[in-house]
Amino acid sequence: MGKLKKILTYILTIFIVFGLCFLILCGCVKMGMSIFGVEAFAYELPSIEEPCGMSTEELEAVLKGNLKNYAQEFLWAEEDYGISATFLCAVAATESGWGEHMFRPNNIFGFGRKSYNSIEHCIDHVAWYLRKHYLNKNGKYYRGGTISDIGKIWCPDDGSWVRLVSGIYGGMHNG
């Protein structure tokens, strides 16, 4: 009987350890953390080349800081260049703290060493540039059509930029 008790205790211990590991893994997925180098999200991100499907008022409602004032311009850029307004907003939010901090005048995207005459001009120029060079199969920075693909060139870091942009982008759709 003592041997059977030891075997059952051993099996129960294994189930508990694997159960805890599973719960930790599920928690990480829900928080959008990188696990073993793979980006994991509890929801699928919409394509950055699809319209966000929001009105100006709906987009304003999910924007923060100074970016709220430019919801219409992001939507116009979406219409003109076929890049989701919410993706553009997520990049601008990441790069400028929701439009609060710019290292060059009117440059909410932290784009190069450029200054712009206006934030509207910045939004239009960066959307055009992304379409031409990052999302065009013949573009010089094309690596694919995902946030991760763009991040390889836009901000080649440890994946922080991709996680931040993805989190904001996904939050605008699933918030």
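Predicted model: local features only at pLDDT ≥ 70, side-chain atom pairs only at ≥ 80, totals over all residues.
A polar contact here is a pair of N or O atoms within 3.5 Å; within protein, one must be able to donate a hydrogen and the other to accept it.

**Overall layout**

The protein chain holds seven helices and two strands. Read from the N terminus, its elements follow the order α-β-β-α-α-α-α-α-α. Of its 175 residues, 37% count as buried. Its accessible surface is about 10,300 Å², with 59% of that belonging to carbon and sulfur atoms. Among contacts with a separation of 6 or more, 50% come from residues 24 or more positions apart.

**The nonpolar core**

The largest nonpolar core has 44 residues, and Phe74, Phe87, Phe109 and Trp154 have the most contacts inside it.

| Helix | Residues |
|---|---|
| H6 | 147-154 |

Leaving aside neighbours within four places in sequence, Phe74 is in contact with a set of residues including Leu59, Leu67, Leu88, Ile108, Phe109 and Ile123. As background, nonpolar side chains tend to be buried together in soluble globular proteins.

**A look at Lys152**

Is Lys152 buried or partly exposed? With a relative accessible area of 47%, Lys152 is partly exposed. Its side chain makes a polar contact with the side chain of Asp149 at 3.3 Å. The C-alpha atoms of Lys152 and Tyr141, eleven residues apart along the chain, are separated by 9.1 Å.

Terms used:
Residues numbered from 1 in each chain as written. Heavy atoms only, no water. Helix = DSSP H or I, 4+ residues; strand = E, 2+ residues; numbered from the N terminus. Buried < 20%, exposed > 50% of the residue type's maximum accessible area, 1.4 Å probe, protein only. Contact = heavy atoms within 4.5 Å. Areas by Shrake-Rupley, 256 points an atom, 1.4 Å probe, with all protein chains shown as cover. Core = buried A, V, L, I, M, F, W, Y, C linked by side-chain atoms within 4.5 Å.
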